[in-house]
Amino acid sequence: MSTDHSTNGQFSDVTDGLASINRRQLLSVAAAAATGAAALTSGLAQAQSVGGTASGVQDLDLSSAAAAIRNGAMTSESYVTQLLDRAASLSDLKAFITIDRASVLEAARAADKARAAGRSSPLLGLPIGVKDSYLTKGLPSSLGTSVLKNFTPDHDATVVASIKSAGGIVFGKNNLAEMSYGLTGINDHYGQVKNPHDRTRITGGSSSGAGASVAARIVPAALGGDTVGSIRVPASLCGVVGFKPTPGRWPSKGTAPISGTLDTVGVLARSVADCVLLDTVVTRGASSKQKSSAGLKGVRLAYAPRQHLAGVDPAVEAVFRESLRKLVDAGANVVEIDLGSDFNALTDQVAWPIFFHETMPAVREFVAQNGIPASFEQIYEGLGQSFKGAWTQFVVPGAPNFISDETYRTVMDKHRPALQRRYSAIAFTQADALLFPTTPCAAPPIETQWKFPVAGQEVSYRFLSRNTYPGSGAGLPGISIPMGLSSDRLPFGLEMDGPSGSDRNLLALAHRVEQILAVSSPIPRVI
């Protein structure tokens with residue numbers, strides 16, 4: 001864990017950046033965090049009864065921590081100090097590549113001074129992890145590669161700038177699959193990220209460090225990125241909430257890409273309310289008060305067992321069906337649909353060809369626009385063995401499975417619109433959201449992360465995204481929330497996808513479903 005950069009200038013953004021957000025929006029978003037005050041009181045009381053001191057702040061979600069700092073129940077400095085100490089004690093998880101302790105503490109002190117002076121901000125003094133695919137001013141941004149391990153940008157990614165302007169603090173740069181090109185959490189340069197629920201298990205990827213750090217209570221939330229499942233897969237396997245917005249809803253400028261069509265930046269957190277808070281900040285939208293309805297009367301939900309339950313672990317299916325029962329009991333109208341016998345073939349024709357064809361031009365453009373001190377070719381040559389083979393097979397010119405321009409145009413002009421029509425005509429004419437298990441199994445062992453058994457069949461690591469990448473191909477927003485635990489106490493996730501552009505409605509619905517299921521982000525046993 002690198003700590004060799006004493007400052008990144010972020011502390012000045014805590015005060016200077018507040019003017020860039022409308023005050024009415026600040027107060028509106030800050031009010032949304034007030035619902036966490038009760039959780040703060042309960043958490044601190046529990047900590048005091050166990051250890052005699054208020055040391056349970058690591059269990060606060062983002063909204064509760066925001067309320068605590070705003071109301072003066074704790075300072076940002078005391079909060080981040082405890083989290084920094086926790087990060088050091090859990091460094092074996094490999095959740096971070098870089099943490100600049102001095103800069104984080106300086107930013108926290110600046111936030112406390114701003115609050116004392118009467119200033120307000122929705123994220124004032126809150127530490128947030130940032131996937132190391134985001135550029136961060138004054139803080140190394142490796143993109144998960146060794147080629148860029150010493151690269152320190154002179155500007156922030158747009159989303160990072162928004163977080164800082166709202167008073168947030170970059171806690172550190174999360175480990176990730178190299179160039180965001182993996183689903184398990186391995187990184188040949190910075191180490192295998194380990195699942196906090198069982199260190200012998202994977203976290204999922206590519207936002208592996210983000211998922212691990214939120215689950216391990218090192219940070220309350222972390223920025224991630226998702227192309228075919230890179231937020232939702234680790235959210236499911238680590239037992240946290242993962243929100244993938246509609247592509248383009250969150251600005252991606254300054255974030256290393258894979259595919260301009262499929263990529264979206266988003267967040268991993270411990271509650272849907274936290275996702276709403278960050279979505280409001282990033283999009284500069286008006287905060288919508290979360291409904292606390294005890295039921296789901298009038299809500300229409302769909303599930304497609306032929307497409308999403310075939311081949312899943314029986315334990316996952318059992319927990320999923322029990323979740324559906326709870327939603328029906330709460331008043332939801334749950335309908336079974338069939339997306340078609342050719343659905344899997346159609347999604348394969350869409351997501352993966354776009355994914356592989358767009359990587360090289362997307363990386364070239366990113367390098368040129370952001371002053372990256374390495375070419376596409378240098379990045380390719382420096383890839384670790386875990387991912388260089390994939391680029392050699394699919395991405396670089398002359399690759400045996402290179403996607404031609406003609407094939408790509410067919411995908412974009414024919415297959416992708418067909419997939420989008422399929423969702424619209426079958427799923428979203430009958431339901432407000434489509435539900436399915438986020439991942440078909442719990443986290444597999446690290447030692448067998450490339451191939452492992454699920455429901456009696458050996459599958460490859462790509463199977464982890466079997467249920468997530470179809471929605472990516474169609475450009476749908478999705479959110480994964482904790483659904484339950486395996487007999488080994490490993491988390492399962494429930495995903496909800498909505499129509500393109502329905503993000504605000506999807507978040508509101510996910511909040512209600514979260515309340516009905518009453519399954520919060522589980523605290524890992526092993527830490």
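The exercises below, each with a worked solution, concern the structure shown above.

The model is predicted, so that local features need pLDDT of at least 70 and side-chain atom pairs count only at pLDDT 80 or more, while totals for chains, interfaces and linings use all residues. Residues are numbered from 1 along each chain as its sequence is written, and side-chain values use heavy atoms, with hydrogens and water left out.

**Exercise 1.** Describe the sheet, and find which strands are its edge strands.

*Solution.* Begin with the terms: helices (H or I, at least four residues) and strands (E, at least two) are DSSP runs, numbered from the N terminus, and two strands pair if DSSP finds at least two bridges between them. Next, read the order of the open sheet, in which 11 strands with mixed pairing follow one another as 1-3-2-4-6-5-12-13-9-7-8. The edge strands are then strand 1 (96-98) and strand 8 (333-336), each of which pairs on one side only. Finally, look inside the sheet, where strand 5 (residues 241-244) pairs with strand 12 (residues 478-485) in the antiparallel sense over three bridges, and where Lys 244 stands opposite Gly 478 in strand 12.

**Exercise 2.** Determine how helix 10 and helix 18 are packed, and which residues make the contact.

*Solution.* Two packed helices are described by the angle between their axes and the distance between the axes. The axes are lines fitted to C-alpha atoms, for helices over the stretch in contact, and angles run from 0 to 180 degrees between N-to-C directions. Helix 10 (residues 272-283) and helix 18 (residues 503-517) pack at about 165°, with their axes 9 Å apart. The two helices are therefore roughly antiparallel, a term for angles over 145 degrees. The contact (heavy atoms within 4.5 Å) includes Val 272 and Asp 279 of helix 10, and Leu 507 and His 511 of helix 18.

Methods:
Angles under 35 degrees count as roughly parallel, over 145 as roughly antiparallel, 65 to 115 as roughly perpendicular and the rest as oblique.
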